[in-house]
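Trainee: Could you take me through this structure feature by feature, giving the general idea before each case?

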Amino acid sequence: MRAQSSATGPSSIAVSTSPADPGGTAPASQRLGTLQAALGVVAFSLTFPATAWGLQGFGPWSLVAVRSVLAAAMAGTCLLMLRVRLPERRHWAGLAVVAAGVVLGFPMLTTLALQTSTTSHAAVVVGLLPLTTALFSALRMGIRPSRTFWAAALAGAAAVLAFTVAQSGGALTAADGYLFAALVVCAAGYTEGGRLARIMPGWQVIGWALVFCLPLTVPAAVVALSYEPVVWNAHGVLGVLWVAVGSQFLGLVVWYRGMAAVGIPKASQLQLAQPLLTLVWSVLLLGEHLSAAAPLTAAAVLVCIAVTQRSRS
């Protein structure tokens, strides 16, 4: 396959429009982009409960490796059937960032955290992801955030840190360390993926990132499965299938398309609802009991992120 010489597909059309587009195509493309980003948020909000289910049947390393291989198999099949050319070499570095952050880093770090952390606790901590993504986006695009942005960002971070320390008995735990590291690598992957989705269709961004990881994930899956026994049960299988199909591939497809259409800052605003949705799923699917601090902290972070977004518009 030769290097892709140009970007084609619906996402490239969506990105070319703007709110000031005299042709009137921008509002329609932005509505579609908003819907796609929202579907991505719904898919992501189920990731932690599905991971908790998956851990009932698989070990942490097996779960991450298997989910990546399954998602890559779907992505590779689509790329082959549609005869998509390899991306140009100049995009490989960006795809490597997406792969390291979204395909490998975030799933592995959050899965390790969920071995000892509840999904509701993890949801509140990772509620800082929109803010972290906005910060990475500002730095990547060369934008200087306002003082209001920084004040709200620090307030949101302080709220989450206070919640984390209080819930952990006065000190941060290893699970909290995994979650904070996951924030950084995922924000980098989201930002770079959103940038690349302006050049090539969003599904190809995550598709190639998944495929490029196969030389690592296939051996990892073989080794992990040989050391971590699998307990076959409905929750374990459903959890792995969802994080592979819903979170790792389809969710990221619509998310990157949405970011390309409406922009990274606006799309990240939709993630304000993700922690609260995850809290709902943790109660409905896992039977967790929420402390009063969890929804209150999530709401406080929501307000802080809303302020940061308005300060950048």
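Mentor: Let us begin with helices, which here are DSSP runs of H or I with at least four residues, numbered from the N terminus, and the expected span of a helix is 1.5 Å times one less than its number of residues. The model is a predicted one, in which local features need pLDDT of at least 70 and side-chain atom pairs count only at pLDDT 80 or more, while totals for chains, interfaces and linings use all residues. Residues are numbered from 1 along each chain as its sequence is written, and side-chain values use heavy atoms, with hydrogens and water left out.

Trainee: What distance does helix 8 reach from its first C-alpha to its last?

Mentor: Helix 8, residues 147-167, has 21 residues and reaches 30 Å, close to the 30 Å expected at 1.5 Å a residue.

Trainee: Which residues of helix 8 are buried?

Mentor: An α-helix has 3.6 residues a turn, so residues three or four places apart point the same way. Buried means under 20% relative accessible area, exposed over 50%, and partly exposed in between, with a 1.4 Å probe and protein chains only. In helix 8 the buried residues are Phe149, Ala152, Ala153, Gly156, Val160, Phe163 and Thr164. They cover an arc of only 110° around the axis, which puts them on the same side of helix 8; the arc is that of the directions from the helix axis to the C-beta atoms. The face turned away from the buried side of helix 8 carries the exposed residues Arg147, Leu154 and Ala166.

Trainee: Where do the buried residues of helix 11 pack?

Mentor: Contact means heavy atoms within 4.5 Å. The buried residues of helix 11 are Thr217, Ala221 and Ala224. Seen down the axis of helix 11, they fall within an arc of 80°, so they line one face of the helix. These buried residues pack against helix 4 (60-81) and helix 5, whereas Pro215, Val222, Ser226 and Tyr227 are exposed on the other side of helix 11.

Trainee: At what angle do helix 5 and helix 12 pack?

Mentor: Two packed helices are described by the angle between their axes and the distance between the axes. Axes are lines fitted to C-alpha atoms, for helices over the stretch in contact, and angles run from 0 to 180 degrees between N-to-C directions. Helix 5 (residues 92-113) and helix 12 (residues 234-262) pack at about 135°, with their axes 13 Å apart. Val98, Val102, Val103 and Pro107 in helix 5 meet Gln248, Leu252 and Tyr256 in helix 12.

Conventions: Helix = DSSP H or I, 4+ residues; strand = E, 2+ residues; numbered from the N terminus.
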